[in-house]
Amino acid sequence: MKILANARIRTLDPRLPQASALAIENGRIRLVGSLEQVQQAANPGTEWIDMGGKSILPGLTDSHLHLEHYALGLQRVDCETPSRLECQQRVQQKVDRTLHGAWVRGHGWNQNQWGGDFGSAADLDDVAPENPVYLTAKSLHAAWVNSRALMLAGISAATPDPPGGKIARDHHGKPTGILFEAAMQLVESVIPAANETQVSAAILEAQNKLFRFGVTGVHDFDQRLCFAVLQKLHAEGNLRMRVVKSVPLPHLEHALALGVRTGFGDDTLRLGSVKIFSDGALGPRTAAMLEAYENSPAEERGMLLESRDHIIEIGQTAIRNGLSLAIHAIGDRANREVLDAFEQLRAFEQKERLPPLRHRIEHVQVLHPDDLHRLAQLNLIASVQPIHATSDMEMAEKHWGKRAAFAYAFKSLLKHGTLLIFGSDAPVESPNPFWGIHAAVTRQRHDGTPHEEGWNPAQRLTLPEALFAFTTAPAIAAGVEQHLGRLSVGCYADLIVLEQDLFEITAHEIKDVRPLATMVGGEWVWQS
């Protein structure tokens, strides 16, 4: 048994919001309260730990990230630079350290930060004439490649756009080096894939980094290899964080054939929802919109990747087999199509006398005002990333104009009764949850921009609301709220130790908070 004493504990349990001590036995909390109350559980073998007045919170959960992408990305070129030239220079530095002819990969570029113009294959040819280069955009919905990569993928002026994708071309029809959505797969399919050993090592490194951030659980949206590696790490006892793993739509048939259902697994690794993409993203202007993007031709309304009718068809099959849905929707048209589909699917659940599953919409970045109430009405979970609001605010204003008033509308969704769960979409953004909390409560970037009140300040959340979305709410979404997401008797001892009490510092200081220690299941998994 362990007893953590002399602490400032924020339990996030409304029945006992604060405490000064807790007892841990067999990985779970046996008692929580005052020292006098908790010491009743002590026995001769008890390990007493004086916390020195430090703050304790429940462990934080990132409800939307791409674990394999994030893990491998730690080894790739960081393309999140203030200029295209600096990005090119970083690629050249990587080329200088890479074998001749080997692939160079990177992530994080955003043409909107470079004046709005996309890079070209020729730009990369200048710094990597012999190495194929593949750089994913910050949104993960576009890629920038050089001529050698285009050649290896067999992409030329004669190559048609694949279904659900687009090859950017110049006025002669020649590919420029920018690929959108499904067109990215044309190059990805010829890049030698990381093997299981490489992904395993990368995920272990990423797990340690996440523990340093205070993240004890994640909801992952990567593919089959990631799931295979996670199972292997779990069997070896090396997977320490708690993972909810989605089912990629292309693998739905395999899941149905095996008969697995949402929730299958244990409290370390369990199956989540079927992931469907309904549209693209804001950055490359592939998010599906009801009206055209600002200052664009009337036909430029993004890309709708799944129709309402097809979502209904997929959804009925999944629901009948006990699999919930997690649908990516960014633009207001995509969100409306998804909401319309879920309206039919909720009716289907009732008609078939099936239990209502915990379905989610991922991102929910911009809604038509007529749709703000519908997630709560349909009992859908809004899986959102608050740091997107501060990263994307200038793009949102530029491309959506007045519609940006209903973008990243967290407070509006909350007022209607929607359950919000927070994530980072890493590697799109940093998985540091304190950056996410800061963005949610201030609507500001780290430098205080755009102004003291923050961007669209009516959408700011309170600190308790933001913490709930990183702790208890993700547990509800995963169906494990009885024993995760708060520090209560019977719950797992998943917690983080902080020097500061978040409730006693300014909102601006939250972004600088770093945990001193992280515990999962009663065991320290990281200590500074």
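These legends describe close-up views of a predicted model. Local features need pLDDT of at least 70 and side-chain atom pairs count only at pLDDT 80 or more, while totals for chains, interfaces and linings use all residues. Residues are numbered from 1 along each chain as its sequence is written, and side-chain values use heavy atoms, with hydrogens and water left out.

View 1. Strands are DSSP runs of E with at least two residues, helices are runs of H or I with at least four residues, and both are numbered from the N terminus. Two strands pair if DSSP finds at least two bridges between them. Axes here are lines fitted to C-alpha atoms, for helices over the stretch in contact, and angles run from 0 to 180 degrees between N-to-C directions.

View 2. Strand 8 and strand 15 (residues 215-220) run parallel and are joined by four bridges. Leucine 60 has valine 215 as its bridge partner in strand 15. Contact means heavy atoms within 4.5 Å.

**View 3. The crossing of helix 7 and helix 8.** The axes of helix 7 and helix 8 (residues 224-236) come within 10 Å and cross at roughly 70°. Helix 7 is therefore roughly perpendicular to helix 8. Angles under 35 degrees count as roughly parallel, over 145 as roughly antiparallel, 65 to 115 as roughly perpendicular and the rest as oblique. The crossing is right-handed: a crossing has this hand if the near helix is turned clockwise from the far one by less than a right angle, and is left-handed if anticlockwise. From helix 7, Glu196, Val199, Ser200, Ile203 and Leu204 take part in the contact. They meet Leu225, Cys226, Val229, Leu230, Lys232 and Leu233 of helix 8.

**View 4. Glutamine 385 in the loop between strand 20 (381-384) and helix 13.** Glutamine 385 is buried, with a relative accessible area of 2%. Buried means under 20% relative accessible area, exposed over 50%, and partly exposed in between (1.4 Å probe, protein chains only). Neighbours within four places in sequence aside, glutamine 385 contacts His64, His363, Phe410, Gly423, Ser424 and Asp425. Alanine 440 is 55 residues away in sequence, with a C-alpha to C-alpha distance of 8.9 Å from glutamine 385.

**View 5. The hairpin of strand 23 and strand 24.** Strand 23 (residues 517-520) and strand 24 (residues 523-527) run antiparallel, joined by four bridges. Two residues lie between the strands. Glycine 521 in the turn has a positive phi of about 60°. On its other pairing, strand 23 runs antiparallel to strand 22 (residues 495-498), with three bridges. Methionine 519 is the bridge partner of leucine 495 and also of tryptophan 524. In a regular strand the side chains alternate between the two faces of the sheet. Both faces of strand 23 are covered. Ala517 and Met519 are buried on one side, Thr518 and Val520 on the other.

**View 6. Salt bridge between aspartate 340 and arginine 308.** The closest N and O atoms are 3.6 Å apart. This pair links distant parts of the chain, 32 residues apart: aspartate 340 lies in helix 11 (residues 332-351) and arginine 308 in helix 10 (residues 308-320). Aspartate 340 is partly exposed at 21% relative accessibility, and arginine 308 is partly exposed at 35%. A salt bridge is a side-chain nitrogen of Lys or Arg within 4 Å of a carboxyl oxygen of Asp or Glu. The whole structure holds 31 of them.

**View 7. Salt bridge between arginine 445 and glutamate 394.** The N to O distance is 3.2 Å. Arginine 445 sits in the loop between helix 15 (433-442) and helix 16 (463-470), and glutamate 394 in helix 13 (residues 386-400), 51 residues apart. Arginine 445 is partly exposed, with a relative accessible area of 21%. Glutamate 394 is partly exposed too, at 48%.
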